[in-house]
Every structure is written in structure tokens, then in C-alpha cells.
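Please read it alongside the sequence and the 3D view.

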Amino acid sequence: MAQVTLKGNPIEVGGALPATGSQAPAFTLVGEGLTDTSLKDFAGRRKVLNIFPSIDTPTCAASVRTFNAKASALENTVVLCISADLPFAQARFCGAEGLENVKTLSTLRGRDFHNDYGVSIDSGPLAGLTARAVVVLDENDTVLHTELVAEIAEEPNYEAALAALN
């Protein structure tokens, strides 16, 4: 079990981030229109998994905006923004913001994702949601980079995540 903080207060995070060089765990989450969407649906493409508690917080929204801006310059790469938000809220946010370079996925179903990816918030006021993390995968779903953000209220290291794709 890992530990991060939320505004300086300790939060327990269950599971373990997939190890660099390992095969990413398969998952099925909820995409647009409440459709089941799996990791296999993005086969052959590089993937940046931008994982966070809720798109309705300033830091989470900032990470979606930043990855959206940077994603347009990436070849054969998809940014998957993963949170507990319902697909309707995710689509509303991206539509209002004009964000077209990211795909949103909800943990509404596929709760095993939380532990399989080491992002299960197990204590504190956000228990049941996902911690802030970034996992970068190559075309074959090999893990190139991981970051469990130490302070949930802070943004991830975008440069390190994107550097893993070079």
C-alpha cells in the first residue's frame, strides 16, 4: 500500500502501479454512450493514462486541458482521461472546453482497475475514488513510465510522461 497526501493529510492508496517494463493489466471501463471500452480498443497505439479523482476539481480539469493541448503533437498516441465521473459529465466538460484530443473513461464499471493500477484511494474523504497518477504505455501495452502523484492536489509531471514516448 502506498501513501499520498491530500492537502498535506495522509491518504492510503491500495494496489500497486504496474512496473516499468511490465505488460499493462487489461481493463474495461465505461466510455461515451455508456459503452464498455477496453484497453484492447486502443491496440497498436501508444497510450497516456491520465488518472484522477474527478474532472470537477481544478487540478483534475487542468490535467485534462494540459494533456489535450500536448496530445495534438503526439503521433499514434491517445490520451485516456480516467476518473469516477459519469461519461455524461466527462463529455459535458470536454465539450464546454472544446477538448478534442483526449478520450474520457469512467470507472463506473471495471472497479478492478483501481487496484490493478495502484490508484485505489482507501482512506480519507476521497475514499472510493482514484488517486492522481499517470501511466504511459507503448503500442504493445508495455509500461514505459508511471507516476503516482505524491500530493493529490498537485498536477503530474507532464514532461516526464511525454518524454517516455520519445
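C60 lies in helix α1 of this predicted model. The UniProt record, an unreviewed entry, places the feature "active site" at C60.

- C60 has a relative accessible area of 1%, and because the cut-off for buried is under 20%, C60 counts as buried.

**Helix α1**
- Helix α1 covers residues 58-71, which is 14 residues.
- Besides C60, the buried residues of α1 are T59, A61, A62, S63, V64, F67, N68 and A71.
- Strands that cover the buried residues of α1 include β5 (46-51), β6 (77-83), β7 (102-106) and β9 (133-137).
- Helices α2 (87-97) and α4 (158-163) are also among the elements covering these buried residues.

**The sheet β1-β2-β8**
- An open sheet of 3 strands runs in the order β1-β2-β8, and its pairing is antiparallel.
- β1 (2-6) and β8 (120-121) stand at the edges; each has a single partner strand, so one side of each is left without a neighbour in the sheet.
- β1 and β2 (residues 9-14) run antiparallel and are joined by 5 bridges.
- Q3 has E12 in β2 as its bridge partner.

Key:
Residues numbered from 1 in each chain as written. Predicted model: local features only at pLDDT ≥ 70, side-chain atom pairs only at ≥ 80, totals over all residues. Heavy atoms only, no water. Helix = DSSP H or I, 4+ residues; strand = E, 2+ residues; numbered from the N terminus. Expected span 1.5 Å × (residues − 1). Buried < 20%, exposed > 50% of the residue type's maximum accessible area, 1.4 Å probe, protein only. Contact = heavy atoms within 4.5 Å. UniProt positions renumbered as here; feature names shortened; annotations may be inferred. Pairing = 2+ DSSP bridges.
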